[in-house]
Structure formats: structure tokens, C-alpha cells
Amino acid sequence: MPDTAAKARLYDAFAASGKALANGKRLELLDLLAQGERTVDALAKAAGLNLTTASAHLQTLKQAGFVATRREGARVYYRLAGDDVAQLLALLRKVADRHQAAVPAARDAYLGHDGGREVGREELRARVKAGEAMLLDVRPVEEYLAGHIPGAVSIPVGELADRIGELSEDTEIVVYCRGEYCVFAYDAVRLLRDRGRRAIRLNDGMLEWRLAALPVAVEEPA
């Protein structure tokens with residue numbers, strides 16, 4: 001006969017992981033960590049949290065096994081515990097988008113529309129290789145340095161208006177950011193098109209690029 005108590009303990013253990021994910025800010029922290037490891041201070045600032053709240057969320061994620069840490073002097077750095085955590089995050093968002101009625105409207109209200117078409121990863125690689133497009137990474141510089149698509153130029157979205165002159169006027173610009181649900185690329189494309197540039201988005205971003213095991217370039221901070 002099956003041991004119902006043992007089965008209950010197993011499913012309760014599964015549920016503990018689900019509970020750790022049942023908070024929007026914790027999902028946002030995982031999304032940030034999918035771009036590379038960070039300190040608590042950096043995560044708190046990027047997620048718009050105070051230090052105490054960010055630390056509490058990170059401890060919950062660590063207890064659930066989703067994040068790991070390393071210490072460097074007085075600083076503690078957090079990172080995802082594995083690629084499977086990034087895969088879980090990407091799948092959770094996809095499933096919610098398809099089956100949770102509130103998600104599409106919330107997604108559209110947040111991302112808006114950029115008036116341009118999207119390009120997939122394979123088409124992007126072919127067009128960049130042929131010199132038909134340039135690739136623009138609009139994430140914060142530290143995320144770019146931690147890992148970016150080879151050949152991409154880094155201009156954070158907040159600096160783009162002032163640095164648009166650094167971009168060719170004759171080549172179509174393909175913009176990407178953290179992932180499929182990252183607003184930076186949408187904002188960048190809208191700005192570029194308003195300034196008369198030909199700009200489109202990669203249809204996902206760095207999270208999905210990594211999960212597809214495509215080449216990633218890493219640079220040391222200056």
C-alpha cells in the first residue's frame with residue numbers, strides 16, 4: 001500500500017518551491033540574477049526595494065534552493081543556483097501568458113507597442129553576419145559586461161537619447177534587453193524610430209539567448 005504520509009511530505013516539499021515563487025518581487029529578483037550575479041545592494045536598487053526587504057526575499061529564494069551565494073571580502077554576491085532556475089522562470093512566464101487571463105493585458109499595459117516588427121534569433125544572426133543590421137544592447141552596463149550577444153554595442157536605454165549619434169544612420173538597428181518581457185527594448189525602439197532611425201526588436205532577449213546555448217561574450221569591467 002502507498003505511504004500516504006510520505007507522499008504528502010513529498011508534495012509539500014514541491015509546494016515549498018512554489019511558495020517561494022509566489023511573489024512578484026522575488027520573480028523580479030530572479031529575472032535580474034538571470035543577467036549575472038549581483039550584491040544585495042545592487043539587487044535592491046535595481047528592483048526598487050529597501051535593503052531589508054530585498055535581503056528577506058533573497059533568503060526565501062536561497063532556502064528554496066533557487067539562488068546561491070559567494071562571499072568576496074565583506075560583500076555577498078547572489079547568483080542563480082543553476083540554468084534550470086532560469087528555465088523555470090522562462091517557462092513560468094510563458095505558461096502564465098498563455099493561461100492566466102490577467103497576464104496579456106498587464107503585459108501590453110507595461111510593454112506598450114513599439115510600432116515595429118520583431119526578429120527571431122536565427123534571422124538576427126544571419127543579418128548581423130551579412131552586415132545588414134547592427135545589434136544594440138540597452139541593458140545596464142554591468143549586465144552587458146556579465147554576458148552579451150557577440151558583436152552587440154552597449155548603450156543603456158537611459159543614455160540612448162544623448163548617445164544616439166554613436167549609431168549608424170544607414171544600418172537597421174536590432175535592439176535587445178533582458179528578455180521577452182523587458183521594457184527597455186520597447187522604449188529604445190520607440191525612441192530610435194521617433195528620431196528617424198530604422199529599429200526593430202529581437203523577439204526575446206538575453207535570458208532566452210543563454211537558454212538556447214548560443215554564444216555569449218563576457219568582458220571585464222574597465
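Biologist: Leaving aside neighbours within four places in sequence, with which residues is Leu 29 in contact?
Modeller: This is a predicted model, in which local features need pLDDT of at least 70 and side-chain atom pairs count only at pLDDT 80 or more, while totals for chains, interfaces and linings use all residues. Residues are numbered from 1 along each chain as its sequence is written, and side-chain values use heavy atoms, with hydrogens and water left out. Contact means heavy atoms within 4.5 Å. On that basis, the partners of Leu 29 are Leu 43, Ala 47, Leu 49, Ala 54, His 57, Leu 58 and Leu 61.

Biologist: In the largest nonpolar core, which residues have the most contacts?
Modeller: A nonpolar core is a set of buried Ala, Val, Leu, Ile, Met, Phe, Trp, Tyr and Cys residues joined through side-chain atoms within 4.5 Å. Buried means under 20% relative accessible area, exposed means over 50%, and partly exposed lies in between, with a 1.4 Å probe and protein chains only. The largest such core has 24 residues, and those with the most contacts inside it are Leu 29, Leu 30 and Phe 66.

Biologist: Which elements each supply at least two residues of this core?
Modeller: Helices (H or I, at least four residues) and strands (E, at least two) are DSSP runs, numbered from the N terminus. The elements that each supply at least two residues of the core are α1 (4-21), α2, α3 (40-47), α4, β3 (75-80) and α5 (83-99).

Biologist: At what angle do the axes of α2 and α4 cross?
Modeller: Axes are lines fitted to C-alpha atoms, for helices over the stretch in contact, and angles run from 0 to 180 degrees between N-to-C directions. Helix α2 (residues 24-33) and helix α4 (residues 51-63) have axes that come within 10 Å. The contact is made by Lys 25, Arg 26, Leu 29, Leu 30 and Leu 33 of α2 and by Ala 54, His 57, Leu 58, Thr 60 and Leu 61 of α4. The crossing angle is roughly 80 degrees.

Biologist: How are α3 and α4 oriented relative to each other?
Modeller: Their axes come within 9 Å and cross at roughly 105 degrees. Angles under 35 degrees count as roughly parallel, over 145 as roughly antiparallel, 65 to 115 as roughly perpendicular and the rest as oblique. The orientation of α3 to α4 is therefore roughly perpendicular.

Biologist: How does the contact of α3 with α4 divide by class?
Modeller: The contact is formed by Val 40, Asp 41, Leu 43 and Ala 44 of α3 and by Leu 51, Ala 54, Ser 55 and Leu 58 of α4. Ala, Val, Leu, Ile, Met, Phe, Trp, Tyr, Cys and Pro count as nonpolar, Asp, Glu, Lys and Arg as charged, and the others, Gly among them, as polar. By class, the residues are 6 nonpolar, 1 polar and 1 charged.

Biologist: How many residues apart in sequence are the parts that Glu 37 and Arg 70 tie together?
Modeller: A salt bridge is a side-chain nitrogen of Lys or Arg within 4 Å of a carboxyl oxygen of Asp or Glu, and the side chains of Glu 37 and Arg 70 meet in one at 2.5 Å, N to O. Glu 37 lies in the loop between α2 and β1 (38-39) and Arg 70 in strand β2 (residues 67-72), so the separation in sequence of the parts tied together is 33 residues.

Biologist: What percentage of the residues of the protein chain count as buried?
Modeller: The protein chain contains 11 helices and 8 strands, and its C-alpha atoms fill a box of roughly 70 × 45 × 30 Å along the principal axes. Of its 222 residues, the buried share is 39%.
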